[in-house]
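This report describes selected side-chain interactions and the packing of the structure shown below.

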Amino acid sequence: MTEMWSQTYRHHFIMAFPSFDTATRKWRAQADISWCGGKGRDSAFVRYKPHAKTETEAVHFALQRSIEWVDRKLTLYER
């Protein structure tokens with residue numbers, strides 16, 4: 001099965017980067033979020049605290065939490 005590790009959401013590109021934590025033997029959810037800003041691109045690398053049992057869980061968690069991150073960011077700019 002091919003896993004989707006990236007998606008676009010509200011003009012942001014989200015790429016999941018799960019990593020395996022050898023100390024806890026669990027997967028950590030991380031993502032790079034990029035968007036057009038000014039004359040170039042801006043980005044943020046976000047690490048999420050909860051650990052997942054599988055790589056697939058970490059990917060899904062990173063993508064979902066990144067969507068929430070984008071929503072919060074855009075809500076702040078809309079004020």
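## Salt bridges, core and a buried glutamine

R65 has a relative accessible area of 28% and is therefore partly exposed. The model discussed here is a predicted one. R65 pairs with E68 in a salt bridge, and both residues belong to helix α1, three residues apart, about one turn of the helix. E68 is likewise partly exposed, because its relative accessibility is 31%.

Across the whole structure, two salt bridges are found.

| Salt bridge | Closest N and O atoms |
|---|---|
| R10 and D71 | 2.8 Å |
| E68 and R65 | 3.5 Å |

R10 is located in the loop between β1 (6-9) and β2, whereas D71 is in helix α1, so this pair ties together parts that are 61 residues apart in sequence. R10 counts as partly exposed because its relative accessibility is 38%; for D71, the value is 24%, so D71 is partly exposed.

The largest nonpolar core comprises 18 residues, with I14, I33, Y48 and A62 having the most contacts inside it. At least two residues of this core come from each of β2 (12-16), β4 (26-37), β5 (40-52) and α1 (55-78). Helix α1 gives the most, namely seven residues. Beyond its neighbours within four places in sequence, I14 contacts residues including W5, Y9, I33, L63, I67 and V70.

Strand β4 also contains Q30, which counts as buried because its relative accessibility is 9%. The Q30 side chain makes polar contacts with the side chains of R47, at 3.0 Å, and S19, at 3.5 Å.

Note on methods
Residues numbered from 1 in each chain as written. Predicted model: local features only at pLDDT ≥ 70, side-chain atom pairs only at ≥ 80, totals over all residues. Heavy atoms only, no water. Core = buried A, V, L, I, M, F, W, Y, C linked by side-chain atoms within 4.5 Å. Buried < 20%, exposed > 50% of the residue type's maximum accessible area, 1.4 Å probe, protein only. Helix = DSSP H or I, 4+ residues; strand = E, 2+ residues; numbered from the N terminus. Contact = heavy atoms within 4.5 Å. Polar contact = N/O pair within 3.5 Å; in protein donor to acceptor, adjacent residues only side chain to side chain. Salt bridge = Lys/Arg side-chain N within 4 Å of Asp/Glu carboxyl O.
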